[in-house]
Amino acid sequence: MRRWGTTIAPIVFIAALLGGWEAVCWLFAVPAYFLPKPSEIGVALATNAPSLFASAWLTFSTALIAFVIVIVIAGLAALAAAANDLVEASFRPIAVTLQVTPIFAIAPMVAVWAGVDHPDRAVISLAAVAAFFPIYSGALAGLRSPDPELVRLFDLYGATLWQRLSRLQAPSAVPQALEGLKVGLGLSLIGAVVAELAAGSGAVTGLAWRIAEASHRLEMAESFAALAALAMLAAGLQLAFLLLEQRALAWWRGR
Amino acid sequence: MAEPAAALDGVEVDYPGRGRALGPIDFRLEAGEIVGLVGPSGCGKSTALRLLAGLEAPTRGKVRRAAGRGETAVVFQSPTLAPWLSAAANVALPLELAGVARKAAREQAAEALRRVGLGGAEKARPAQLSGGMAMRVSLARALVTTPQVLLLDEPFAALDEITRRQLADDVLALWSEQRPAVVFVTHNVEEAVYMASRVVVMTPGPGRIAGQLAVEGPAPRPPQFRTTQGFRDAAERLSAMLHGAMAAA
(Lines give C-alpha, C1' and ligand atoms only; values in the text may rest on other atoms or scores of the structure.)
Protein backbone atom coordinates (compact mmCIF):
# COMPACT_ATOMS: atom_id res chain seq x y z
CA MET A 1 0.00 0.00 0.00
CA ARG A 2 2.76 2.39 1.02
CA ARG A 3 4.85 1.40 -2.01
CA TRP A 4 1.96 2.20 -4.34
CA GLY A 5 1.47 5.49 -2.54
CA THR A 6 5.03 6.64 -3.14
CA THR A 7 4.73 5.71 -6.81
CA ILE A 8 1.38 7.39 -7.36
CA ALA A 9 1.90 10.54 -5.25
CA PRO A 10 4.48 12.20 -7.56
CA ILE A 11 2.38 11.34 -10.63
CA VAL A 12 -0.69 12.92 -9.07
CA PHE A 13 1.32 15.96 -7.98
CA ILE A 14 2.83 16.51 -11.44
CA ALA A 15 -0.58 16.00 -13.08
CA ALA A 16 -2.06 18.64 -10.74
CA LEU A 17 0.75 21.08 -11.59
CA LEU A 18 0.24 20.54 -15.33
CA GLY A 19 -3.53 20.89 -14.90
CA GLY A 20 -3.08 24.17 -13.03
CA TRP A 21 -0.68 25.41 -15.68
CA GLU A 22 -3.13 24.51 -18.47
CA ALA A 23 -5.98 26.23 -16.61
CA VAL A 24 -3.98 29.44 -16.03
CA CYS A 25 -3.05 29.62 -19.72
CA TRP A 26 -6.73 29.20 -20.68
CA LEU A 27 -8.04 31.68 -18.12
CA PHE A 28 -5.64 34.49 -18.93
CA ALA A 29 -5.29 33.65 -22.63
CA VAL A 30 -1.49 33.53 -22.33
CA PRO A 31 0.06 33.68 -25.82
CA ALA A 32 1.92 30.51 -26.89
CA TYR A 33 5.16 32.40 -27.68
CA PHE A 34 5.23 33.51 -24.01
CA LEU A 35 4.14 30.34 -22.21
CA PRO A 36 2.70 27.38 -24.14
CA LYS A 37 0.03 25.14 -22.65
CA PRO A 38 1.13 21.68 -21.50
CA SER A 39 -1.22 20.22 -24.11
CA GLU A 40 0.62 22.15 -26.83
CA ILE A 41 3.95 20.94 -25.44
CA GLY A 42 2.56 17.39 -25.56
CA VAL A 43 1.64 17.84 -29.19
CA ALA A 44 5.09 19.27 -29.98
CA LEU A 45 6.68 16.35 -28.15
CA ALA A 46 4.64 13.83 -30.15
CA THR A 47 5.11 15.45 -33.57
CA ASN A 48 8.86 15.98 -33.06
CA ALA A 49 9.43 12.64 -31.37
CA PRO A 50 11.76 11.11 -34.00
CA SER A 51 14.08 14.12 -34.24
CA LEU A 52 13.96 14.71 -30.46
CA PHE A 53 14.91 11.09 -29.96
CA ALA A 54 17.89 11.52 -32.29
CA SER A 55 18.97 14.65 -30.39
CA ALA A 56 18.47 12.91 -27.03
CA TRP A 57 20.57 10.01 -28.27
CA LEU A 58 23.36 12.41 -29.25
CA THR A 59 23.32 14.13 -25.84
CA PHE A 60 23.09 10.79 -24.07
CA SER A 61 26.00 9.24 -25.97
CA THR A 62 28.11 12.37 -25.47
CA ALA A 63 27.48 12.33 -21.72
CA LEU A 64 28.14 8.59 -21.54
CA ILE A 65 31.41 8.77 -23.47
CA ALA A 66 32.55 11.59 -21.18
CA PHE A 67 31.45 9.55 -18.16
CA VAL A 68 33.44 6.50 -19.22
CA ILE A 69 36.55 8.56 -20.04
CA VAL A 70 36.38 10.34 -16.70
CA ILE A 71 35.90 7.07 -14.80
CA VAL A 72 39.18 5.81 -16.22
CA ILE A 73 41.10 9.06 -15.63
CA ALA A 74 39.64 9.89 -12.20
CA GLY A 75 39.92 6.27 -11.11
CA LEU A 76 43.59 6.02 -12.00
CA ALA A 77 44.27 9.44 -10.44
CA ALA A 78 42.52 8.36 -7.22
CA LEU A 79 44.52 5.10 -7.12
CA ALA A 80 47.77 7.02 -7.52
CA ALA A 81 46.71 9.56 -4.90
CA ALA A 82 45.68 6.83 -2.45
CA ALA A 83 49.03 5.08 -2.91
CA ASN A 84 51.14 8.15 -2.22
CA ASP A 85 50.53 11.27 -0.12
CA LEU A 86 52.82 13.43 -2.27
CA VAL A 87 50.83 12.52 -5.37
CA GLU A 88 47.61 13.31 -3.51
CA ALA A 89 48.95 16.70 -2.41
CA SER A 90 50.08 17.44 -5.96
CA PHE A 91 46.68 16.58 -7.41
CA ARG A 92 44.64 18.46 -4.82
CA PRO A 93 44.91 22.02 -6.23
CA ILE A 94 44.11 20.81 -9.74
CA ALA A 95 41.16 18.74 -8.53
CA VAL A 96 39.77 21.71 -6.62
CA THR A 97 40.34 24.01 -9.60
CA LEU A 98 38.44 21.60 -11.84
CA GLN A 99 35.65 21.51 -9.28
CA VAL A 100 35.11 25.27 -9.27
CA THR A 101 35.72 25.89 -12.97
CA PRO A 102 32.52 26.98 -14.74
CA ILE A 103 32.27 24.95 -17.95
CA PHE A 104 30.94 28.03 -19.71
CA ALA A 105 34.13 29.96 -18.96
CA ILE A 106 36.50 27.46 -20.54
CA ALA A 107 34.22 26.29 -23.35
CA PRO A 108 35.53 28.76 -25.98
CA MET A 109 39.15 27.73 -25.32
CA VAL A 110 38.35 24.02 -25.40
CA ALA A 111 36.42 24.56 -28.63
CA VAL A 112 39.50 26.16 -30.18
CA TRP A 113 41.77 23.34 -28.97
CA ALA A 114 39.39 20.68 -30.27
CA GLY A 115 39.37 22.42 -33.66
CA VAL A 116 36.47 23.74 -35.73
CA ASP A 117 35.93 20.36 -37.32
CA HIS A 118 35.46 18.55 -34.00
CA PRO A 119 32.98 20.40 -31.78
CA ASP A 120 31.86 16.97 -30.53
CA ARG A 121 35.28 16.44 -28.97
CA ALA A 122 35.06 19.80 -27.25
CA VAL A 123 31.66 18.89 -25.79
CA ILE A 124 32.90 15.50 -24.57
CA SER A 125 35.98 17.07 -22.95
CA LEU A 126 33.90 19.71 -21.19
CA ALA A 127 31.39 17.15 -19.94
CA ALA A 128 34.32 15.12 -18.60
CA VAL A 129 35.70 18.16 -16.77
CA ALA A 130 32.29 18.73 -15.19
CA ALA A 131 32.08 15.14 -13.92
CA PHE A 132 35.68 14.76 -12.77
CA PHE A 133 35.66 16.04 -9.20
CA PRO A 134 32.87 13.99 -7.57
CA ILE A 135 34.13 10.79 -9.20
CA TYR A 136 37.73 11.45 -8.17
CA SER A 137 36.94 12.52 -4.62
CA GLY A 138 34.42 9.71 -4.09
CA ALA A 139 36.93 7.11 -5.21
CA LEU A 140 39.74 8.68 -3.18
CA ALA A 141 37.65 8.94 -0.02
CA GLY A 142 36.66 5.30 -0.40
CA LEU A 143 40.23 4.17 -1.05
CA ARG A 144 41.38 5.97 2.08
CA SER A 145 38.83 4.62 4.52
CA PRO A 146 39.09 0.85 4.74
CA ASP A 147 38.10 -0.82 8.03
CA PRO A 148 41.05 -0.08 10.41
CA GLU A 149 40.93 -3.63 11.78
CA LEU A 150 41.31 -5.04 8.27
CA VAL A 151 44.22 -2.63 7.79
CA ARG A 152 45.82 -4.15 10.90
CA LEU A 153 45.26 -7.61 9.49
CA PHE A 154 47.05 -6.61 6.28
CA ASP A 155 49.86 -5.13 8.42
CA LEU A 156 50.10 -8.40 10.32
CA TYR A 157 50.53 -10.43 7.16
CA GLY A 158 53.03 -7.98 5.68
CA ALA A 159 50.93 -7.05 2.64
CA THR A 160 52.69 -5.06 -0.09
CA LEU A 161 51.48 -1.65 -1.28
CA TRP A 162 49.91 -3.23 -4.37
CA GLN A 163 48.20 -5.97 -2.32
CA ARG A 164 46.73 -3.31 -0.06
CA LEU A 165 45.48 -1.23 -2.99
CA SER A 166 44.00 -4.09 -4.97
CA ARG A 167 42.73 -6.38 -2.21
CA LEU A 168 41.77 -3.98 0.56
CA GLN A 169 41.45 -0.36 -0.50
CA ALA A 170 39.85 -0.83 -3.93
CA PRO A 171 37.12 -3.22 -2.75
CA SER A 172 36.55 -1.12 0.39
CA ALA A 173 36.02 1.93 -1.83
CA VAL A 174 33.03 0.49 -3.68
CA PRO A 175 30.18 2.16 -1.73
CA GLN A 176 31.74 5.63 -1.69
CA ALA A 177 32.94 5.34 -5.28
CA LEU A 178 29.38 4.51 -6.37
CA GLU A 179 28.13 7.62 -4.56
CA GLY A 180 30.67 9.71 -6.48
CA LEU A 181 29.70 8.04 -9.76
CA LYS A 182 26.03 8.84 -9.16
CA VAL A 183 26.78 12.56 -8.76
CA GLY A 184 29.29 12.42 -11.63
CA LEU A 185 26.77 10.84 -14.00
CA GLY A 186 24.32 13.70 -13.44
CA LEU A 187 27.08 16.25 -13.87
CA SER A 188 28.33 14.66 -17.09
CA LEU A 189 24.82 15.11 -18.53
CA ILE A 190 24.61 18.72 -17.32
CA GLY A 191 28.14 19.24 -18.61
CA ALA A 192 27.19 17.86 -22.04
CA VAL A 193 24.17 20.17 -22.22
CA VAL A 194 26.02 23.29 -21.06
CA ALA A 195 29.03 22.54 -23.26
CA GLU A 196 26.76 22.08 -26.26
CA LEU A 197 25.21 25.48 -25.64
CA ALA A 198 28.61 27.08 -25.21
CA ALA A 199 30.65 25.30 -27.85
CA GLY A 200 28.20 23.49 -30.09
CA SER A 201 27.33 26.34 -32.48
CA GLY A 202 24.92 24.22 -34.50
CA ALA A 203 27.37 21.49 -35.46
CA VAL A 204 26.38 19.38 -32.47
CA THR A 205 22.60 19.09 -32.56
CA GLY A 206 21.83 17.54 -29.20
CA LEU A 207 18.98 18.48 -26.90
CA ALA A 208 20.62 21.70 -25.70
CA TRP A 209 20.88 22.97 -29.23
CA ARG A 210 17.23 22.06 -29.84
CA ILE A 211 16.18 24.04 -26.78
CA ALA A 212 18.21 27.08 -27.82
CA GLU A 213 17.13 26.86 -31.47
CA ALA A 214 13.44 26.70 -30.67
CA SER A 215 13.70 29.57 -28.16
CA HIS A 216 15.41 31.78 -30.72
CA ARG A 217 12.48 31.20 -33.07
CA LEU A 218 9.98 31.79 -30.25
CA GLU A 219 8.75 28.22 -30.75
CA MET A 220 8.22 27.85 -27.04
CA ALA A 221 6.26 24.60 -27.24
CA GLU A 222 9.12 22.96 -29.18
CA SER A 223 11.62 24.40 -26.70
CA PHE A 224 9.66 22.98 -23.77
CA ALA A 225 9.32 19.65 -25.57
CA ALA A 226 13.11 19.40 -25.89
CA LEU A 227 13.41 20.35 -22.21
CA ALA A 228 10.92 17.61 -21.32
CA ALA A 229 12.95 15.13 -23.36
CA LEU A 230 16.07 16.20 -21.44
CA ALA A 231 14.27 15.75 -18.12
CA MET A 232 13.12 12.26 -19.14
CA LEU A 233 16.65 11.37 -20.24
CA ALA A 234 18.10 12.58 -16.92
CA ALA A 235 15.46 10.76 -14.89
CA GLY A 236 15.97 7.58 -16.91
CA LEU A 237 19.73 7.74 -16.43
CA GLN A 238 19.42 8.27 -12.68
CA LEU A 239 16.91 5.44 -12.37
CA ALA A 240 19.12 3.07 -14.34
CA PHE A 241 22.09 4.00 -12.20
CA LEU A 242 20.13 3.59 -8.95
CA LEU A 243 19.12 0.06 -9.95
CA LEU A 244 22.71 -0.73 -10.89
CA GLU A 245 23.97 0.75 -7.61
CA GLN A 246 21.49 -1.28 -5.56
CA ARG A 247 22.62 -4.50 -7.20
CA ALA A 248 26.30 -3.61 -6.82
CA LEU A 249 25.87 -2.76 -3.13
CA ALA A 250 23.89 -5.94 -2.50
CA TRP A 251 26.74 -7.91 -4.07
CA TRP A 252 29.32 -5.98 -2.03
CA ARG A 253 27.54 -6.49 1.29
CA GLY A 254 26.80 -10.10 0.50
CA ARG A 255 23.03 -9.84 0.89
CA MET B 1 66.15 -22.81 28.96
CA ALA B 2 64.55 -23.18 25.51
CA GLU B 3 63.90 -20.14 23.35
CA PRO B 4 60.47 -18.66 24.12
CA ALA B 5 57.85 -18.42 21.35
CA ALA B 6 57.75 -14.71 22.07
CA ALA B 7 58.87 -12.40 24.86
CA LEU B 8 58.70 -8.86 26.17
CA ASP B 9 61.95 -7.79 27.89
CA GLY B 10 61.68 -4.67 30.05
CA VAL B 11 59.10 -3.24 27.69
CA GLU B 12 57.42 0.13 28.18
CA VAL B 13 54.93 1.87 25.93
CA ASP B 14 54.23 5.60 26.15
CA TYR B 15 51.51 7.23 24.09
CA PRO B 16 51.93 10.90 23.26
CA GLY B 17 49.45 12.95 25.25
CA ARG B 18 48.34 9.97 27.32
CA GLY B 19 51.55 9.07 29.08
CA ARG B 20 52.56 5.57 30.09
CA ALA B 21 50.19 2.93 28.78
CA LEU B 22 52.11 -0.23 29.61
CA GLY B 23 55.05 -1.45 31.62
CA PRO B 24 57.70 -1.89 32.59
CA ILE B 25 56.84 -5.49 31.85
CA ASP B 26 58.77 -8.75 31.45
CA PHE B 27 56.88 -11.59 29.87
CA ARG B 28 57.86 -14.93 28.35
CA LEU B 29 55.56 -17.00 26.21
CA GLU B 30 56.79 -20.60 26.05
CA ALA B 31 56.21 -22.70 22.95
CA GLY B 32 52.88 -24.51 23.04
CA GLU B 33 51.50 -22.96 26.25
CA ILE B 34 48.23 -21.07 26.63
CA VAL B 35 48.51 -17.88 28.67
CA GLY B 36 45.49 -15.93 29.80
CA LEU B 37 46.01 -12.20 30.18
CA VAL B 38 43.48 -10.59 32.53
CA GLY B 39 43.18 -7.11 33.92
CA PRO B 40 40.79 -4.18 34.14
CA SER B 41 39.95 -2.29 30.97
CA GLY B 42 42.57 0.22 29.97
CA CYS B 43 45.41 -1.75 31.59
CA GLY B 44 47.22 -2.23 28.30
CA LYS B 45 46.28 -5.87 27.59
CA SER B 46 45.54 -5.09 23.97
CA THR B 47 48.71 -3.00 23.72
CA ALA B 48 50.72 -5.99 24.96
CA LEU B 49 49.04 -8.13 22.33
CA ARG B 50 49.81 -5.64 19.56
CA LEU B 51 53.47 -5.64 20.67
CA LEU B 52 53.59 -9.43 20.45
CA ALA B 53 51.91 -9.24 17.02
CA GLY B 54 54.49 -6.72 15.81
CA LEU B 55 51.73 -4.22 15.02
CA GLU B 56 53.28 -1.70 17.39
CA ALA B 57 56.81 -0.98 18.61
CA PRO B 58 57.69 -0.47 22.28
CA THR B 59 58.93 2.92 23.47
CA ARG B 60 61.63 1.15 25.51
CA GLY B 61 62.70 -2.44 25.91
CA LYS B 62 62.78 -5.32 23.49
CA VAL B 63 60.15 -7.52 21.86
CA ARG B 64 61.23 -10.98 20.76
CA ARG B 65 58.98 -12.72 18.26
CA ALA B 66 58.97 -14.95 15.20
CA ALA B 67 58.77 -12.32 12.51
CA GLY B 68 57.99 -14.51 9.50
CA ARG B 69 54.78 -14.02 7.54
CA GLY B 70 51.94 -16.01 9.06
CA GLU B 71 54.00 -17.15 12.05
CA THR B 72 51.97 -14.91 14.32
CA ALA B 73 48.19 -14.82 13.92
CA VAL B 74 45.68 -12.57 15.65
CA VAL B 75 41.97 -12.98 16.27
CA PHE B 76 40.51 -9.57 17.00
CA GLN B 77 37.51 -8.66 19.16
CA SER B 78 35.29 -8.48 16.08
CA PRO B 79 35.56 -11.11 13.34
CA THR B 80 37.17 -8.52 11.01
CA LEU B 81 36.09 -10.20 7.80
CA ALA B 82 35.99 -8.50 4.42
CA PRO B 83 32.26 -8.29 3.57
CA TRP B 84 32.89 -8.56 -0.17
CA LEU B 85 34.73 -11.87 0.14
CA SER B 86 33.25 -15.32 0.74
CA ALA B 87 34.18 -17.19 3.92
CA ALA B 88 36.72 -19.29 2.00
CA ALA B 89 38.26 -16.23 0.34
CA ASN B 90 38.55 -14.52 3.74
CA VAL B 91 40.31 -17.55 5.19
CA ALA B 92 42.57 -17.88 2.14
CA LEU B 93 43.64 -14.24 2.36
CA PRO B 94 46.75 -14.68 4.59
CA LEU B 95 47.99 -17.43 2.27
CA GLU B 96 47.34 -15.43 -0.88
CA LEU B 97 49.07 -12.38 0.60
CA ALA B 98 52.07 -14.63 1.23
CA GLY B 99 52.10 -15.65 -2.42
CA VAL B 100 50.40 -19.06 -2.24
CA ALA B 101 48.63 -19.79 -5.53
CA ARG B 102 44.92 -19.08 -5.45
CA LYS B 103 43.76 -22.64 -6.01
CA ALA B 104 46.02 -24.17 -3.35
CA ALA B 105 45.08 -21.36 -0.92
CA ARG B 106 41.37 -21.99 -1.46
CA GLU B 107 41.83 -25.72 -0.84
CA GLN B 108 43.66 -25.08 2.42
CA ALA B 109 41.00 -22.54 3.38
CA ALA B 110 38.23 -25.07 2.80
CA GLU B 111 40.11 -27.53 5.00
CA ALA B 112 40.57 -24.89 7.72
CA LEU B 113 36.84 -24.11 7.58
CA ARG B 114 36.07 -27.82 7.97
CA ARG B 115 38.27 -27.95 11.07
CA VAL B 116 36.30 -25.13 12.74
CA GLY B 117 33.05 -26.89 11.92
CA LEU B 118 32.07 -24.76 8.93
CA GLY B 119 32.51 -27.28 6.13
CA GLY B 120 30.03 -26.38 3.40
CA ALA B 121 29.98 -22.68 4.30
CA GLU B 122 32.85 -21.83 1.95
CA LYS B 123 30.72 -19.68 -0.33
CA ALA B 124 28.78 -17.88 2.43
CA ARG B 125 29.40 -14.17 2.86
CA PRO B 126 30.13 -12.72 6.33
CA ALA B 127 26.76 -10.94 6.33
CA GLN B 128 25.03 -14.31 6.07
CA LEU B 129 26.82 -15.76 9.10
CA SER B 130 25.85 -15.54 12.78
CA GLY B 131 28.27 -13.86 15.21
CA GLY B 132 29.61 -17.20 16.38
CA MET B 133 30.06 -18.52 12.85
CA ALA B 134 31.85 -15.33 11.78
CA MET B 135 34.20 -15.77 14.75
CA ARG B 136 34.91 -19.33 13.61
CA VAL B 137 35.80 -18.05 10.14
CA SER B 138 38.13 -15.56 11.82
CA LEU B 139 39.67 -18.43 13.81
CA ALA B 140 40.07 -20.54 10.66
CA ARG B 141 41.85 -17.60 9.00
CA ALA B 142 44.22 -17.29 11.96
CA LEU B 143 45.03 -21.02 11.92
CA VAL B 144 45.34 -21.48 8.16
CA THR B 145 49.01 -20.42 8.16
CA THR B 146 49.81 -22.87 11.03
CA PRO B 147 51.15 -20.07 13.22
CA GLN B 148 53.61 -20.62 16.07
CA VAL B 149 51.93 -17.88 18.08
CA LEU B 150 48.19 -17.29 18.22
CA LEU B 151 46.99 -14.07 19.84
CA LEU B 152 43.34 -13.76 20.84
CA ASP B 153 42.08 -10.30 21.80
CA GLU B 154 38.82 -10.85 23.73
CA PRO B 155 37.53 -12.89 20.82
CA PHE B 156 34.29 -13.96 22.50
CA ALA B 157 33.36 -10.63 24.08
CA ALA B 158 30.46 -9.99 21.70
CA LEU B 159 28.98 -13.50 21.84
CA ASP B 160 26.29 -15.06 24.02
CA GLU B 161 27.25 -17.38 26.87
CA ILE B 162 26.44 -20.68 25.15
CA THR B 163 28.35 -19.71 22.00
CA ARG B 164 31.28 -18.51 24.14
CA ARG B 165 31.56 -21.83 25.93
CA GLN B 166 31.26 -23.80 22.71
CA LEU B 167 33.94 -21.69 21.06
CA ALA B 168 36.23 -21.96 24.09
CA ASP B 169 36.16 -25.75 23.77
CA ASP B 170 36.69 -25.50 20.02
CA VAL B 171 39.71 -23.24 20.44
CA LEU B 172 41.24 -25.73 22.88
CA ALA B 173 40.53 -28.64 20.54
CA LEU B 174 42.12 -26.76 17.62
CA TRP B 175 45.07 -25.81 19.81
CA SER B 176 45.69 -29.49 20.61
CA GLU B 177 46.05 -30.22 16.86
CA GLN B 178 48.69 -27.59 16.05
CA ARG B 179 49.96 -26.67 19.55
CA PRO B 180 50.75 -23.01 18.89
CA ALA B 181 51.66 -20.79 21.83
CA VAL B 182 48.50 -18.85 22.69
CA VAL B 183 47.94 -15.54 24.44
CA PHE B 184 44.32 -15.05 25.31
CA VAL B 185 43.23 -11.59 26.46
CA THR B 186 40.01 -11.41 28.46
CA HIS B 187 38.46 -9.59 31.37
CA ASN B 188 36.44 -12.68 32.28
CA VAL B 189 38.07 -14.55 35.17
CA GLU B 190 36.33 -17.89 34.59
CA GLU B 191 37.09 -17.82 30.89
CA ALA B 192 40.76 -17.19 31.65
CA VAL B 193 40.93 -20.14 34.05
CA TYR B 194 39.07 -22.39 31.61
CA MET B 195 41.26 -21.55 28.62
CA ALA B 196 44.72 -21.04 30.07
CA SER B 197 47.39 -23.19 31.70
CA ARG B 198 48.85 -19.99 33.13
CA VAL B 199 47.03 -16.75 33.88
CA VAL B 200 48.86 -13.43 34.11
CA VAL B 201 47.14 -10.68 36.09
CA MET B 202 47.80 -7.09 35.17
CA THR B 203 47.43 -3.91 37.24
CA PRO B 204 45.26 -0.97 36.13
CA GLY B 205 46.97 1.29 33.56
CA PRO B 206 49.85 1.67 33.10
CA GLY B 207 49.68 -2.12 33.13
CA ARG B 208 52.30 -4.14 34.91
CA ILE B 209 52.27 -7.77 35.91
CA ALA B 210 50.67 -8.05 39.33
CA GLY B 211 51.08 -11.79 39.59
CA GLN B 212 50.40 -15.06 37.91
CA LEU B 213 48.61 -18.30 38.53
CA ALA B 214 49.17 -21.77 37.13
CA VAL B 215 45.97 -23.65 36.34
CA GLU B 216 46.14 -27.41 36.86
CA GLY B 217 44.15 -29.79 34.70
CA PRO B 218 44.19 -31.42 31.28
CA ALA B 219 43.75 -29.45 28.08
CA PRO B 220 41.45 -29.58 26.20
CA ARG B 221 39.21 -29.45 29.24
CA PRO B 222 37.14 -32.53 30.08
CA PRO B 223 33.35 -32.15 30.31
CA GLN B 224 32.10 -30.59 33.55
CA PHE B 225 35.56 -29.07 34.19
CA ARG B 226 33.85 -25.90 35.39
CA THR B 227 32.25 -27.83 38.26
CA THR B 228 35.53 -29.26 39.61
CA GLN B 229 36.99 -28.02 42.85
CA GLY B 230 40.29 -27.20 41.11
CA PHE B 231 38.56 -24.91 38.62
CA ARG B 232 36.59 -23.11 41.30
CA ASP B 233 39.61 -22.67 43.57
CA ALA B 234 41.67 -21.25 40.69
CA ALA B 235 38.87 -18.86 39.75
CA GLU B 236 38.56 -17.71 43.39
CA ARG B 237 42.30 -17.14 43.72
CA LEU B 238 42.42 -15.29 40.40
CA SER B 239 39.52 -13.08 41.46
CA ALA B 240 41.32 -12.27 44.71
CA MET B 241 44.53 -11.44 42.81
CA LEU B 242 42.65 -9.17 40.45
CA HIS B 243 40.96 -7.36 43.36
CA GLY B 244 44.31 -7.04 45.08
CA ALA B 245 45.93 -5.60 41.96
CA MET B 246 43.13 -3.08 41.59
CA ALA B 247 43.14 -2.10 45.26
CA ALA B 248 46.92 -1.61 45.27
CA ALA B 249 46.76 0.82 42.37
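Predicted model: local features only at pLDDT ≥ 70, side-chain atom pairs only at ≥ 80, totals over all residues.
**A guided look at a sheet and a contact**

Visitor: How many bridges join strand β3 of chain B to β8(B)?
Guide: Strand β3 (residues 34-38) of chain B and β8(B) run parallel, and B:Val38 stands opposite B:Val201 in β8(B). Strands are DSSP runs of E, at least two residues long, just as helices are runs of H or I of at least four, numbered from the N terminus, and two strands pair if DSSP finds at least two bridges between them. The number of bridges joining β3(B) to β8(B) is four.

Visitor: In which order do the six strands of the open sheet in chain B lie?
Guide: The edge strands, each pairing on one side only, are β5 (72-75) and β9 (209-214) of chain B. Within the sheet, β6 (residues 149-153) and β7 (residues 181-186) of chain B pair in the parallel sense over five bridges, and B:Leu151 stands opposite B:Val183 in β7(B). The pairing is mixed, and the order is β5-β6-β7-β3-β8-β9.

Visitor: Through how many residues does the hairpin join β8(B) to β9(B)?
Guide: These two strands run antiparallel and are joined by five bridges, with B:Val199 opposite B:Leu213 in β9(B). Strand β8 (residues 198-202) of chain B is mostly covered, since four of its five residues are buried, meaning that 20 or more other C-beta atoms, placed from the backbone, lie within 10 Å of a residue's own. The hairpin joins β8(B) to β9(B) through six residues.

Visitor: Which element gives the largest share of the side of chain A that touches chain B?
Guide: The contact, counted where C-beta atoms placed from the backbone lie within 7 Å, takes 15 residues from chain A and 18 residues from chain B. The elements giving two or more residues to chain A's side are α7 (148-156), α8 (161-172) and α11 (220-253) of chain A. The largest share, six residues, comes from α7(A).

Definitions and conventions. Residues numbered from 1 in each chain as written. Chains lettered and ligands numbered in written order. Contact = placed C-beta atoms within 7 Å. Buried ≥ 20, exposed ≤ 12 C-beta atoms within 10 Å, placed from the backbone.
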